[in-house]
Amino acid sequence: MDIRDRVLVVEDDKSIRNFFRTVLEANNYDVLMANTGTEAYSLVTSQCPDVVILDLGLPDMDGTKILKNIREWSAMPVIVVSARTHERDKVEALDMGADDYITKPFGTSELLARIRTAIRHARAAHMGPDGMQTGIYRSGALVIDYDKHRVYINGEDANLTQNEYKLVSLLGRYGGKVLTYDFIIKEIWGPNMKTDNRILRVNMANIRRKIEKNPAQPQFIFTEVGVGYRIVDPD
Ligand code: CA
């Protein structure tokens, strides 16, 4: 018998709840449902789900309150699902510790991919100290070699500068996940760096010239407009 991953869905809209249940059960997840923030609290603490899918607009409280509460004691992956499309809301949720953010409406395959990524990250975080990544990150023609500190495209060295390498390797460490501008800048240039997206954009433009076939239509590193960057899922 295989052990199923357990997903807690916190959502008050009936048709969306049904959609989640159908899709997740068809893909061999154990599904728990919470209608309200209060129910979510009790299930999160009693059932310890592998991943939480969290709607922000709940009848009894704002979903960000639950996210904040979970982050006080747990690193369990939380994927925020919301109809709010404002970039500010996405940035806020991600900076508050959400692992990912999906905007309604979204497709089944996107949802499943985000869940797999979130669970994989949670497992990887248990396996080694963060920041001491070793080994290889591979997605198609793109290879990040964490031991040699090099990035290769089709087997050829992309000749990234130090900061460009740091940026790509950071994205690779969180493969498939959106990292906010603020998070990236603090990780690469330190906590005292004033948040200035321009330096990041310049670096990203240079990276894309080196690794993308067509920098205007990137295949490896995607811009989440107003939010940050995401590198393609590893193979
Ligand atoms: Ca709602």
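Biologist: What covers the buried residues of α4?
Modeller: The cover includes α3, β4, β5 (100-103) and β10; the test is contact, meaning heavy atoms within 4.5 Å. Before we go on, a word on the source: this is a predicted model, where local features need pLDDT of at least 70 and side-chain atom pairs count only at pLDDT 80 or more, while totals for chains, interfaces and linings use all residues. Residues are numbered from 1 along each chain as its sequence is written, and side-chain values use heavy atoms, with hydrogens and water left out.

Biologist: What puts the buried residues on one side of α4?
Modeller: The residues in question are Asp89, Lys90, Ala93 and Leu94. They span an arc of only 125° around the axis, which places them on the same side of α4. The arc is taken from the directions that run from the helix axis to the C-beta atoms. Just after α4 comes Gly97, with a positive phi of about 115°.

Biologist: And how do you know that the buried residues of α3 line one face?
Modeller: That set is Gly63, Thr64, Ile66, Leu67 and Ile70. Looking down the axis of α3, they fall within an arc of 155°, so they line one face of the helix. They pack against β1, α2 (37-47), β3, β4 (78-82) and α4 (87-95). The element names come from DSSP runs, helices being H or I of at least four residues and strands E of at least two, numbered from the N terminus.

Biologist: Why is Leu112 called buried?
Modeller: Its relative accessibility is 10%, and buried means under 20% relative accessible area, exposed over 50% and partly exposed in between, with a 1.4 Å probe and protein chains only. The value falls under the cut-off, so Leu112 counts as buried. Leu112 sits in helix α5 (residues 108-127). Its contacts, leaving aside neighbours within four places in sequence, are Val23, Leu24, Asn27 and Tyr29. Asn27 is 85 residues away along the chain, yet the two C-alpha atoms are separated by 8.5 Å.

Biologist: What makes Asp12, Asp55 and Gly57 donors of the calcium ion?
Modeller: Asp12 (OD), Asp55 (OD) and Gly57 (O) lie 2.2 to 2.4 Å from the ion. Donors are N, O and S atoms within 2.8 Å of the metal, or 3.2 Å for Na, K and Ca; water is not among the atoms, so sites may look incomplete. Along the chain the spacing reads D-x42-D-x1-G. Asp12 is in the loop between β1 (6-10) and α1 (14-26), and Gly57 in the loop between β3 (51-55) and α3 (63-71), so the pair ties together parts that are 45 residues apart in sequence.

Biologist: What makes a set of residues a nonpolar core?
Modeller: They must be buried Ala, Val, Leu, Ile, Met, Phe, Trp, Tyr or Cys residues joined through side-chain atoms within 4.5 Å. The largest such core here has 28 residues, and those with the most contacts inside it are Val151, Ile184, Ile211 and Ile221. α6 gives the most to this core, with five residues. Apart from it lies another core, of 25 residues, including Leu56 and Met76.
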